[in-house]
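Subject: Structure handover and notes

Hello,

Here is the structure we talked about passing on. Please look it over before you read the notes below it.

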Amino acid sequence: MSWRLLALIISVVVVDQGLKLAAVAFHLPYLQGELYHPLLALAVTVVALWGLAKYPSSGLALIVGGGGSNLLDLLVRQQVLDIFTVKNFAFNLADICIVAGFLVILGEIFYGSSSRAKVRG
């Protein structure tokens, strides 16, 4: 795994956890996520880590970072904090990164990976 992918994973976890800590510290409104089961968070993270080891991808790194941050929430707080709400949907930065990671992977599948593109000079 490249240092860039590792930096992306760490950045996702640090920023997501920082936003959640700020929400708690400054008494900002937040919700306790109810859809995340610890086994689901562990499964998402482990499968994405396995995939990342075989096929390095920024999409998989986003999924690992988001899943890892939600898993950290479950281990430390026994709940996932959702700090954003849109209509009836509550979510956090980790959830956004997981969805963005899947979208990046879909883009790579359908349009080809930019890392595989030939450099024209």
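The notes below go from the whole chain to single elements and then to side chains.

Overall picture

Please keep in mind that this is a predicted model. The chain contains 4 helices and 4 strands. Read from the N terminus, the order of elements is α-β-α-α-β-β-β-α. Of its 121 residues, 36% count as buried. The accessible surface is about 8200 Å², and carbon and sulfur atoms account for 70% of that. If you look at contacts between residues at least 6 apart in sequence, 72% of them join residues at least 24 apart.

Helix 1

The end C-alpha atoms of helix 1 are 32 Å apart; its 23 residues should span 33 Å at 1.5 Å a residue, so the two values agree. The buried residues of this helix are Leu5, Ile9, Val12, Val13, Asp16, Gln17, Lys20 and Ala23. After helix 1 comes His27, with a positive phi near 55°.

Salt bridges

How many salt bridges does the structure hold? There are 3. As background, side chains of opposite charge can pair when their charged atoms come close.

- Asp16 and Lys20 form a salt bridge with an N to O distance of 2.7 Å. Both residues belong to helix 1 and are 4 residues apart, about one turn of the helix. Asp16 has a relative accessibility of 0%, which is under the 20% cut-off, so Asp16 counts as buried. Lys20 is buried as well, also with a relative accessible area of 0%.
- Lys20 also meets Asp73 in a salt bridge, at 2.4 Å from N to O. This pair links distant parts of the chain, since Lys20 is in helix 1 and Asp73 is in helix 3, 53 residues apart.
- Asp73 forms a salt bridge with Arg77, whose closest N and O atoms are 2.4 Å apart. Asp73 and Arg77 are both in helix 3, 4 residues apart, about one turn of the helix. Through shared partners, the salt bridges join Asp16, Lys20, Asp73 and Arg77 into one network.

Asp73 is buried too, at 0% relative accessibility.

Thr45 is in helix 2. Is Thr45 buried or exposed? Its relative accessible area is 8%, and anything under 20% is buried, so Thr45 is buried. Leaving aside residues up to four places away in sequence, Thr45 touches Val64, Gly67, Gly68 and Leu71.

Pro56 sits in the loop between helix 2 (38-54) and helix 3 (58-77). Its relative accessible area is 56%, over the 50% cut-off, so Pro56 is exposed. The C-alpha atom of Pro56 is 7.8 Å from that of Leu5, although the two residues are 51 apart along the chain.

Helix 4

Helix 4 covers residues 93-111. Its 19 residues should span 27 Å at 1.5 Å a residue, and the end C-alpha atoms are 26 Å apart, so this helix agrees with expectation. Just after the helix, Gly112 has a positive phi of about 90°.

The buried residues in helix 4 include Leu93, Ala94, Asp95, Cys97, Ile98, Gly101 and Ile105. What do the buried residues of helix 4 pack against? Their partners are helix 1 (3-25), helix 3, strand 2 (80-82), strand 3 (84-86) and strand 4 (89-91).

Phe102 is also in helix 4. At 47% relative accessibility, Phe102 falls between the 20% and 50% cut-offs and therefore counts as partly exposed. Phe102 and Leu62 are 40 residues apart in sequence, with 8.5 Å between their C-alpha atoms.

Surface patch

Val99, Leu103, Leu106, Ile109, Phe110 and Tyr111 make a nonpolar surface patch of about 740 Å². Leu106, one of these residues, is found in helix 4. The relative accessible area of Leu106 is 42%, so this residue is partly exposed.

Regards

Notes:
Residues numbered from 1 in each chain as written. Predicted model: local features only at pLDDT ≥ 70, side-chain atom pairs only at ≥ 80, totals over all residues. Heavy atoms only, no water. Helix = DSSP H or I, 4+ residues; strand = E, 2+ residues; numbered from the N terminus. Buried < 20%, exposed > 50% of the residue type's maximum accessible area, 1.4 Å probe, protein only. Patch = residues over 30% accessible without salt bridge, like charges linked within 9 Å, V, L, I, M, F, W, Y side chains within 5 Å. Areas by Shrake-Rupley, 256 points an atom, 1.4 Å probe, with all protein chains shown as cover. Salt bridge = Lys/Arg side-chain N within 4 Å of Asp/Glu carboxyl O. Expected span 1.5 Å × (residues − 1). Contact = heavy atoms within 4.5 Å.
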